Amino acid sequence: MEFNQANGERSASISRKTNETDIKLAFSVDGTGVSELETDVPFLNHMLDLFAKHGQFDLKVQARGDIEIDDHHTVEDIGICLGQTLREALGDKKGIKRYASVFVPMDEALAQVVIDISNRPHFEYRAEYPSSQVGSFSTELVHEFLWKLALEARITLHVIVHYGQNTHHMIEAVFKALGRALDEATGIDPRVTGVPSTKGVL
Ligand SMILES: [Mn+2]
């Protein structure tokens, strides 16, 4: 499960097995929005599909986990794997835009994602959902996924759900905004020479 890095594509893959989960994940920053998602958490498959599509990433995930307990470990560990591959794929971060702030509406819901590809892991999250469940999915796991993604990718990630009435819509807006914001922040700005930091390193 790998993408072709020979043509300069920024991509990485990981295979991670613990007593709780067994995950294979391949991620390409410079993709076309294609995903192949085989996890035991259907709602997360739906969200990752949106993330890849709206971020123009390629994403393959095969994940088996101890969902007989609950979805927690599987969702958390996919977040960890995605964060690690994002960090690896970006390498020295030369030429990237680094920052992005994106609002995405989904009908009545509005989400905002603000990113700094900073090498300084930080996560802020403001979201209050009307429902604690979407189908069998616990909405508290959105926090778990994004938090671990930010830590492992070593990015500053602020996620704000401004309002909404339908929990499915609200979370969908988050994942679409995350895709679009990461797409923009990882994008190459031809005016940037080297790393976009006065410190000279990110
Ligand atoms: Mn949906």
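## Strands around S4

Strand S3 (residues 35–38) runs parallel to S4, and four bridges join the two; strands pair when DSSP finds at least two bridges between them. Within this pairing, Ser-35 stands opposite Leu-59 of S4. You are looking at a predicted model, in which local features need pLDDT of at least 70 and side-chain atom pairs count only at pLDDT 80 or more, while totals for chains, interfaces and linings use all residues. Residues are numbered from 1 along each chain as its sequence is written, and side-chain values use heavy atoms, leaving out hydrogens and water.

Strand S4 (residues 58–65) is also joined to strand S2 (residues 21–28), here antiparallel and over eight bridges. Asp-22 has Arg-64 in S4 as its bridge partner.

## The four-stranded sheet

Another set of strands to look for is an open sheet of four in the order S5-S6-S10-S7, with mixed pairing. Strand S5 (99–106) and strand S7 (122–126) are its edges, each pairing on one side only. On average, neighbouring strands here are turned by 10° against each other, direction ignored; axes are lines fitted to C-alpha atoms, for helices over the stretch in contact, and angles run from 0 to 180 degrees between N-to-C directions.

Inside the sheet, strand S6 (residues 109–116) and strand S10 (residues 156–163) pair in the antiparallel sense over seven bridges. Ala-111 stands opposite Val-161 in S10. Helix H3 (residues 140–153) packs on this sheet, touching S7 and S10, and its direction makes about 155° with that of S7. Helix H4 lies across S5, S6 and S10, running at about 150° to S5.

Helix H1 (residues 42–55) has 14 residues, which should span 20 Å at 1.5 Å a residue, and its end C-alpha atoms agree at 20 Å apart; the expected span is 1.5 Å times one less than the number of residues. Among the buried residues of H1 are Phe-43, Leu-44, Met-47 and Phe-51, where buried means under 20% relative accessible area, exposed over 50%, and partly exposed in between (1.4 Å probe, protein chains only). Gln-56 follows H1 with a positive phi, near 55°.

Because 15 of its 19 residues are buried, H2 is largely enclosed by the rest of the structure. Just after H2, Gly-91 takes a positive phi of about 55°.

## The manganese site and helix H4

Now find the manganese ion: its protein donors are His-46 (NE2), His-168 (NE2) and Glu-172 (OE), lying 2.0 to 2.2 Å from it. Donors are N, O and S atoms within 2.8 Å of the metal (3.2 Å for Na, K and Ca), and sites may look incomplete because water is not among the atoms. Along the chain, the donors follow the spacing H-x121-H-x3-E. Helix H4 (residues 167–186) holds both His-168 and Glu-172, four residues apart, about one turn of the helix. His-168 is partly exposed at 28% relative accessibility, whereas Glu-172 is buried at 8%.

Thr-186 is also found in H4, and counts as buried at 1% relative accessibility. Leaving aside neighbours within four places in sequence, Thr-186 is in contact with residues including Arg-10, Val-29, Phe-57 and Ile-117, contact meaning heavy atoms within 4.5 Å.
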